[in-house]
Amino acid sequence: MHSRLKQVSALFLPALLFGMLLLTACENDLKKIKEISANFVNLPIDTTRGVDVIYSDSAFVKGRMTTPIMIHYSYTKVTPYYIMPRGVKVVFYDKNIQQDGNIVADSAVYREADKLIEFYKNVVYTTSKGDTFKSDELIWDQVKKTMYSNKPVQIILKSGDVINGRNFKSDEKLQYPIIDSGTGVFDVTDMPGK
């Protein structure tokens, strides 16, 4: 009987050790699977090249956006978004389909659920009047129909006047900007009559 116990333990002990090894390997594999799936969550779902989008409202063309590449992220912990990392241009049109201003920037992020477009680096907005806004940030809130920046801004008016500020907020046509801590250079050649 004692030899029978030795035979069973000789077979059972290696099988037990092998089983424990497999369980340990499974635990490591589960950790790797979690790591891989966590990385997958942050991968883009769609990449589009040569993007040319026409925006319209009630059958009227309002704008056109072009960008060499647009990446859509939707498997994220935050609201899905689109990024345009290689530059973007948005051209606005009036009711007669005449150009009504444009924005160019080195990159942009579009948060569709919030209706926000965030432009970054070398942002230049040229209005239909010929005024130019420059900053490293411009955020366009399409719901509130406002634009703002929390970074230093410069507005160059068509007249040549220059306004600098710490940040700014305005309507989406840049007609009524409010600038914080504004300074500027203004042409004051007009003298009041005597």
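Thr 132 sits in strand 8, where helices (H or I, at least four residues) and strands (E, at least two) are DSSP runs, numbered from the N terminus. Thr 132 is buried, with a relative accessible area of 16%; in this talk buried means under 20% relative accessible area, exposed means over 50%, and partly exposed is in between, with a 1.4 Å probe and protein chains only. Although Thr 132 and Gln 154 are 22 residues apart along the chain, their C-alpha atoms are separated by 8.1 Å.

Residues are numbered from 1 along each chain as its sequence is written, and side-chain values use heavy atoms, with hydrogens and water left out.

How confident is the predictor? The mean pLDDT of the chain, that is, the predictor's confidence in each residue from 0 to 100, is 78, and 69% of the residues reach 70 or more. Among the elements of the chain, strand 7 has the highest mean pLDDT, 93, whereas helix 1, residues 2–41, has the lowest, 55. Where pLDDT is low, the predicted coordinates should not be read in detail.

Let me turn to the nonpolar core, meaning a set of buried Ala, Val, Leu, Ile, Met, Phe, Trp, Tyr and Cys residues joined through side-chain atoms within 4.5 Å. The largest one has 24 residues, and those with the most contacts inside it are Val 88, Ile 103, Phe 119, Tyr 125, Phe 133 and Leu 138. Several strands give two or more residues to this core, including strand 5 (99–105), strand 6 (107–111) and strand 8 (132–141), but the largest share, 4 residues, comes from strand 7. In soluble globular proteins, nonpolar side chains tend to be buried together.

Next come the salt bridges, each a side-chain nitrogen of Lys or Arg within 4 Å of a carboxyl oxygen of Asp or Glu; the structure holds 4 of them. In one of these, Asp 52 pairs with Arg 64, and the closest N and O atoms are 2.5 Å apart. That pair links distant parts of the chain, with Asp 52 in strand 1 and Arg 64 in strand 2, 12 residues apart. Asp 52 is partly exposed at 40% relative accessible area, and Arg 64 is partly exposed at 33%. Another salt bridge joins Arg 111 and Glu 118, at 2.9 Å from N to O; here Arg 111 is partly exposed, at 26%, whereas Glu 118 is buried, at 9%.

Finally, what is the volume of the largest pocket? It is about 610 Å³, on the convention that a volume is the space filled by probe spheres set on grid points, which are joined across faces, edges and corners. On a 1 Å grid over the protein atoms alone, a cavity is a set of points where a 1.4 Å probe fits but cannot get out, and a pocket is an open set with protein on both sides within 12 Å along at least five of seven lines; lining residues have an atom within 4 Å of a point. Of the 22 lining residues, the closest to the centre of the pocket are Asp 57, Lys 62, Trp 140, Gln 142 and Glu 172. The largest share of the lining, 4 residues, comes from strand 2.

Note on methods
Predicted model: local features only at pLDDT ≥ 70, side-chain atom pairs only at ≥ 80, totals over all residues.
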